[in-house]
Amino acid sequence: MTALRQESPAALRAAAEALYAEYLGCLNEERFEEWPDFFVERCLYKIVPRENFDRGLPLATWLCESRGYLKDRVVSIRKTSVYAPRYIRRIVSGIRICGWKGDLLEVRADYAAFETLLDDLTRVFNVGAYHDLITVEDGRLKFQEKICIFDSMLVPNSLIFPL
Amino acid sequence: MTARRSWPREGSTRLPYWVYSDPDIYAREQERIFCGSTWNYVALEAEIPEAGDFKRTFIGDKSVVVTRDSEGCVNVVENRCAHRGVQFCQQHLGHVREFMCPYHQWTYDLSGKLLGVPFRRGIKAQGGMPSEFSLAEHGLRRLRVACRNGVIFASFAGDIEPLEQYLGCEILQLFDRVFDGRQLKILGYSRQLTPANWKLVMENIKDPYHASLLHVFLLSFGLNRADQPNRLVIDPSGRHAAGMTWRGEQKRTTDNAEMRSLLEDLKLNDPSMLDPVKEYERYTIVLMTIWPNLVMQQQSNTLAMRQVITKGPAAFELAWTFFGYATDDAAMTQRRLRQANLMGPAGFVSIDDGEGLAFVQRGTSCATEADGVLEMDGCDWAQETPHAVTEGEIRAMYEHYRKVMEL
């Protein structure tokens with residue numbers, strides 16, 4: 001793809017669905033080093049409690065303002081953070097194309113993330129919605145902006161891996 | 001409670017593991033600490049700026065509502081209808097003219113005064129309350145309130161010293177350093193539920209020993225290390241404390257050779273996250289514990305209240321309120337929001353603490369016959385310590401704790 005505006009609604013929808021499938025595949029398989037490549041260089045990635053979003057408060061639980069920030073998060077996951085081993089599995093549903101913001105495709109989707117710790121049953125970890133802006137870079141769909149707004153305000157201890 | 005628990009003979013250098021999981025101890029803490037002679041942090045005035053605004057929060061297990069009444073005064077009332085015990089307020093924040101319990105519609109004003117009881121005179125002269133029933137005697141339970149420079153504390157105690165005296169002059173000075181009377185601006189909230197006893201979070205902040213060892217991120221970027229200048233202050237009672245550090249060089253020396261986690265080649269891909277501006281005199285980090293439920297954080301340009309809310313012996317909620325000043329320009333607000341990446345449930349630094357405390361809980365809850373060792377820097381504590389290689393703050397806290405708990 002080169003210019004999103006020229007694509008048919010059906011093609012956009014198929015492309016968006018493929019992007020989310022690839023994105024979650026990357027995270028669920030813990031290929032975190034590839035995660036920043038789903039974003040353009042000057043991107044915005046945030047994980048925001050719904051209470052802040054609804055009240056217009058600017059604080060994010062997790063804020064990345066460039067691909068460099070995303071890479072720093074990966075360094076932290078791999079090298080600096082101390083945490084119990086776990087699996088996080090994310091499921092996405094209800095991908096919907098909401099319109100255009102300039103040349104950026106506005107997409108929303110619902111997600112749920114499940115956490116499995118070694119000595120515990122799997123639990124619902126984080127539930128929310130993606131509010132995304134998508135563009136094309138090097139012939140590939142990429143996120144210009146990805147905001148994860150989560151309903152489950154009380155985080156079960158730590159949010160270590162991206163959503 | 002039975003007196004079946006007794007403190008280890010060694011005294012302050014031992015910490016019996018039953019303090020983290022015994023339900024009787026937990027019940028006694030609720031009664032003697034959270035409902036006892038303590039000032040508990042509940043809100044910032046900036047959260048309830050207008051008359052009619054309220055915030056619902058907790059002191060220990062008890063839900064309370066902080067309100068601003070029509071005269072502009074701050075009130076704190078227990079979130080429990082005087083009639084049948086209904087927790088009538090269910091929102092974190094909001095605005096009302098009066099509170100109405102949904103069950104039988106008893107209504108209260110913002111100071112907790114009972115205004116009306118439906119069918120008080122009965123219907124068609126049948127039923128109703130006895131004629132001597134007095135509204136004045138059935139208001140909400142009101143707590144004592146202390147406000148200082150925009151910060152609200154409350155107490156269940158009938159008789160308690162003024163907040164300033166409770167904090168002591170050294171802690172008060174450090175408190176006033178951030179809360180200097182400037183109007184505050186709320187930046188947002190973060191909440192995490194940590195599967196660990198509430199005292200562990202207070203201990204964690206009172207433990208500068210761990211900071212240079214556990215937090216690879218902090219020390220690799222020279223934000224806080226034991227070989228940097230440090231100053232610790234404890235109030236005369238032992239219950240509150242403050243740790244101050246200021247930024248130093250980040251090279252491997254004989255002093256830090258033992259800090260194995262030090263990764264010298266670590267560089268941020270995007271250094272804009274750590275672009276601090278000097279805002280206060282002398283210290284770059286001040287972390288304070290105000291007994292029993294508040295950690296006050298000034299870490300470079302991130303300012304936050306971390307409120308500890310107990311959730312049974314084996315869990316606590318840490319409710320973070322990040323803030324700045326109303327006079328901050330856009331660049332300063334952005335800086336505070338960026339640096340907030342270090343803190344909270346996804347914090348580059350705080351992740352280690354939440355996880356670490358959960359590990360302590362797991363290790364100790366199945367070994368209530370065993371004790372922890374607190375011998376770093378001796379067996380007592382000093383009001384002033386010029387280094388971070390100490391466990392004096394934790395010993396001081398438990399000395400106070402044992403008096404209150406009669407343990």
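## Ground rules

What you have here is a predicted model, where local features need pLDDT of at least 70, side-chain atom pairs count only at pLDDT 80 or more, and totals for chains, interfaces and linings use all residues. Residues are numbered from 1 along each chain as its sequence is written, while chains are lettered from A and ligands numbered from 1 in the order in which they are written.

## Where A meets B

Chain A puts 31 residues into the contact and chain B puts in 37 residues; two residues count as touching if their C-beta atoms, placed from the backbone, lie within 7 Å. On the chain A side, the elements that give two or more residues are strand S1 (39–49), helix H2 (50–55), strand S2 (62–64), helix H3 (67–80) and strand S7 (154–156). Helices (H or I, at least four residues) and strands (E, at least two) are DSSP runs, numbered from the N terminus. H3(A) gives the most, with seven residues.

Pairing takes at least two DSSP bridges between the strands. Pro156(A) has Leu193(B) as its bridge partner in S12(B).

## The sheet in chain A

Chain A has an open, mixed sheet of six strands in the order S2-S1-S6-S5-S4-S3. S2 and strand S3 (86–101) of chain A sit at the edges, each pairing on one side only. From one strand to the next, the twist averages 20 degrees.

S1(A) and S2(A) run antiparallel and are joined by three bridges, and Ile47(A) has Trp62(A) as its bridge partner in S2(A). H3(A) lies across S1 and S2 of chain A, at about 60 degrees to S1(A). Axes are lines fitted to C-alpha atoms, for helices over the stretch in contact, with angles from 0 to 180 degrees between N-to-C directions.

## Chain B as a whole

Chain B carries nine helices and 20 strands. Its radius of gyration is 23 Å, close to the 22 Å that the globule rule gives for 407 residues, so chain B is as compact as a globular protein of that length. That radius is taken over C-alpha atoms, and the rule is 2.2 Å times the number of residues to the power 0.38. Along the principal axes, the C-alpha atoms of chain B fill a box of roughly 90 × 55 × 35 Å.
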